[in-house]
Amino acid sequence: MKASRARTSRTLGLRTIFWIVMAASLCTLSSAQASSPGQHHGNGQTASDNSESQHFFFGTSHDAKLGTLAWLFCLDKEHHKGEIFVPPRMIGFSELDLGENDGTLTFQSLDFFGKNYRFRGTLKSEEVTGEMQLIDAKSGNPKDKWQLTATQLPPESLRAERTVPARYSNVDYSTEGGDFTGVDIRFFSTGTGTTGMIVFYESYWGEPTLTPLALSGVETTKEAIGFNVEMPNGVARYHLRTTATGGLFNRDDITHEKGEKEIALKRSRVLTAVLGKKE
Amino acid sequence: MQSGGSGTNPAAKVSWHQAGAAVDINGTRSPEFKTIISVMKKNGFVWGGDFKSHKDPPHFDGRQFMGNLNQAVRKAQSYWDSTQ
């Protein structure tokens, strides 16, 4: 009987310790969760604030594992700050150095998931060139690096009032699963043509997820927008059949099952807004 | 396949991904995905496409195995063996 009581007491004690440890772990996890999708990092400014002094740049890099990466960032010389798009949101800079006379440009993003982006290069005649590094925030060592060329987007490129430029998305967040789902496509006018980027939050046909990929070969007709995305296993071709509220999205270079429906995306007015933020 | 989940929305309290009990499988529109759903569900995994709100098609989690990790490991091992 005594032995049994001692065992019960020990078990209760162990259970209590277990639940204390579990509760502490949950608190740690909760506090590590920095923000909701509508919140912003860093200086608290959103991409739509100070719109007159902000200049958006769109660029590309080649990545052997992922394809042609797309970069979207903005610089605000007047307020000496900037932001870079890291899906699903724009995140602020922790450092920005715009060389007054020599055109040098360096910036570093705030940390996200123990990493940050660091750029070193030049800004000349609305063109940014240089090296982007992905830095391990703890060690300060680069984990990856890319050569980046970006050009400034004309302000009218950011006004999504027509088919292009525009943003098409069905991105949603599943609280139960803890994942973003869907796809987000943004078209920008460059003055000489149309460019853009696509982020698959859910990989429909094996595409890399949570990675902004650059669009090429954008063709716009009255009924549809067609574009290519370069990935390591080749170039994929997609289309977006425009509708009154958005578009119907599908991939063209693969065989589809009979009866498979196109993916409905909604057109959105704000190209640079973070996901989840009300327009 | 990513075992960590997108995890970019920390609005969630603790996800199955953070608990180490979920995977996201790429290619939700690929012809093989129906087979994947069928095999995973047959082996007791919860599919995100069955969620009541905010469907999460790439998501599979083993929430019912969480009370018995050995069972989860045995099931995973058994499935792996059956595919070899």
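Colleague: How many bridges join strand E3 of chain A to E4(A)?

Modeller: Keep in mind that this is a predicted model. Strand E3(A) covers residues 81-86, and E4(A) covers residues 89-98. The two form a hairpin with two residues between them. They run antiparallel, and the number of bridges joining them is four.

Colleague: Okay, and which residue in E4(A) stands opposite Val86(A)?

Modeller: We're still in the hairpin of E3(A) and E4(A). Look across from Val86(A) into E4(A) and you land on Arg89(A).

Colleague: Is E4(A) mostly covered or uncovered, and how many of its residues are buried?

Modeller: Here, a residue counts as buried if its relative accessible area is under 20%. E4(A) has ten residues and is mostly covered. The number of buried ones is seven.

Colleague: What about the hairpin of E4(A) and E5(A): which residue takes a positive phi there?

Modeller: Strand E5(A), residues 104-109, runs antiparallel to E4(A), with five bridges joining the two. Phe93(A) stands opposite Ser109(A) in E5(A). This hairpin has five residues between the strands, and the one with a positive phi, near 75°, is Gly103(A).

Colleague: Over to chain B: which are the edge strands of its open sheet?

Modeller: That sheet has three strands in the order E1-E3-E2, with antiparallel pairing. An edge strand here pairs on one side only, which gives E1(B) and E2(B).

Colleague: And what angle does helix H1 of chain B make with E3(B)?

Modeller: H1(B), residues 33-42, packs on this sheet and touches E1, E2 and E3 of chain B. Comparing its direction with that of E3(B) gives about 15°.

Technical notes:
Residues numbered from 1 in each chain as written. Chains lettered and ligands numbered in written order. Predicted model: local features only at pLDDT ≥ 70, side-chain atom pairs only at ≥ 80, totals over all residues. Heavy atoms only, no water. Pairing = 2+ DSSP bridges. Contact = heavy atoms within 4.5 Å. Axes fitted to C-alpha atoms, helices over the stretch in contact; angles between N-to-C directions. Buried < 20%, exposed > 50% of the residue type's maximum accessible area, 1.4 Å probe, protein only.
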